[in-house]
2 protein chains.
Amino acid sequence: MPINPTDPRPAYQQIADDLRAQIDRGDLRPGDRLPSIRVLASLHDVAQMTIRQAITLLVNEGRVSTRQGRGAFVREPQPVRRIASSRYRTQLEYVQQAGKAPPAPGTAFTGDHQIAWHEYELEKSFSRVPAPPVVADLLEVPIGTPLLARRFVFYARSRPEQISTSYYPLSLVEGTPVADPNNEPWPGGNIAQLATLGVHVTEVQESVRARMPTPEERQILQIPRGIPVLTIRRRMLAQGRPVEAAVDIVIPADRVVLDYTIELSS
Amino acid sequence: MPINPTDPRPAYQQIADDLRAQIDRGDLRPGDRLPSIRVLASLHDVAQMTIRQAITLLVNEGRVSTRQGRGAFVREPQPVRRIASSRYRTQLEYVQQAGKAPPAPGTAFTGDHQIAWHEYELEKSFSRVPAPPVVADLLEVPIGTPLLARRFVFYARSRPEQISTSYYPLSLVEGTPVADPNNEPWPGGNIAQLATLGVHVTEVQESVRARMPTPEERQILQIPRGIPVLTIRRRMLAQGRPVEAAVDIVIPADRVVLDYTIELSS
DNA sequence: CAGTGGTCTAGACCACGCT
DNA sequence: GCGTGGTCTAGACCACTGT
């Protein structure tokens, strides 16, 4: 099984393509170990660095992951959570049912993950900052306007799943429960929380992008090589007035689907 | 500027982190050429392969791109197009204004790109296929049900921007304009087209994911290393009945933002 | 032609995981 | 201890770009 010298593709490409084909055909299944670098090197009669180059290619495609001392493995599909745009409507229940028996405590995050309240953890850090340009634009306030910044790292069953930083005009939330970290997590999430201030969110706008994570994001969210992140830039409006902006919500892309519904009134 | 042997990070990591910091600080700006591999190697007193490893890291983060014979360059931000969920409502104008003067011809795609009708090109290939499991599920038909499959590659100003394959129940569209490739592109897009059959789309559902592109997608869409793709799985419903499914729409993630609006009736 | 990145070799030693 | 991947060397030659 030596490589084909007449093939215009370089050796590492041929080998990577061969391995990828084996994965696609099912000869190598998710979780399977690839032949070791030394075995592949002698099999194709090339140097180990050439094999390494082939495997690096597959790692950066998100198809393979390597573990030192153990081997290279076909990546397994991750359990996916669906993030539905309707999650914001669910939060309304906490507002509208005031006075009645409340639903089980939850937030947009617990609903997305289908996890119980106690399996949900938060790292939080609140601060007061002058509005950066991007946030000022979203909130429709002058640059430098005093804002409350709330940074969260969300964990589901002790696994980091999401980073977000959200901003509120300080004039709206200073001295209220929104500005007190001890109130987080708040049953019903921030829409319910804002409602206690008499601020009723009527519209949520989300802008979705994807990119490779920064090294810092990779470390915090424990993202393997070859996996991008989805980013959501969000703002919440109350009667047309922006009251919250999130810049950005960052989620590893191998574990999530974003569901949106667009109604076309006929 | 030799590397620090007491630093626990490997040499290629130190060098990559150093280059990344220079980019983040603005010492290296988008479009700038990095020092050549040979220069960096002698500067840090390491082998060229070590420098190469550092640069490969940055390439796979989407921060740097290399061009043979020319050098390694800091990647420039791409002009972004916004894809708004409201684009589907715009298409309704072509339906509702029947009989009146129609708006300028366009589709969801031309609107997204802000390009003129004549700057828009299509590669199309239509076929009849039995419903694969995923599509059958979306269309709520038995697996194997005869479907029309329409595969498109969209070009804006001769640049490939998007791949999509959409499916319709053949019983719904056989013998209609929908099944005739010569009708594409259709002014107003497929919502307007379906309306001519008396099928009025009332709801569109989209599921957004991100992943690294396959080699085939990288080739067709000319995607540089380190850039993920956004995928949209879509279906259109007419009075609650699925009439179209797209599996999947694939878009390079460095050139696009997906905008969604969620209305919360208060 | 000189300078760039791309491919490749034939080793070496290290760090890690398992038995 | 042994097999795994990770890092690294000191070269070589190829392919491409621009002068």
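Mentor: A polar contact is a pair of N or O atoms within 3.5 Å; within protein, one must be able to donate a hydrogen and the other to accept it, and residues adjacent in sequence count only if both atoms are side-chain atoms. This is a predicted model, in which local features need pLDDT of at least 70, side-chain atom pairs count only at pLDDT 80 or more, and totals for chains, interfaces and linings use all residues. Residues are numbered from 1 along each chain as its sequence is written, chains are lettered from A and ligands numbered from 1 in the order in which they are written, and side-chain values use heavy atoms, with hydrogens and water left out.

Trainee: Which base atom of DNA strand D does the side chain of B:Q68 approach?

Mentor: An N or O atom in the side chain of B:Q68 is 3.2 Å from a base nitrogen of DNA strand D.

Trainee: How many residues surround DNA strand D?

Mentor: A residue is near the strand if one of its heavy atoms lies within 4 Å of it; 23 residues surround DNA strand D, the closest including A:R52 and B:Y12.

Trainee: Why are the two copies described as related by a two-fold rotation axis?

Mentor: A rotation of 180° with 0.0 Å of shift along its axis superposes chain B on chain A, with RMSD 0.1 Å, by least squares on the C-alpha atoms of residues with pLDDT of at least 70 in both. The copies are thus related as by a two-fold rotation axis.
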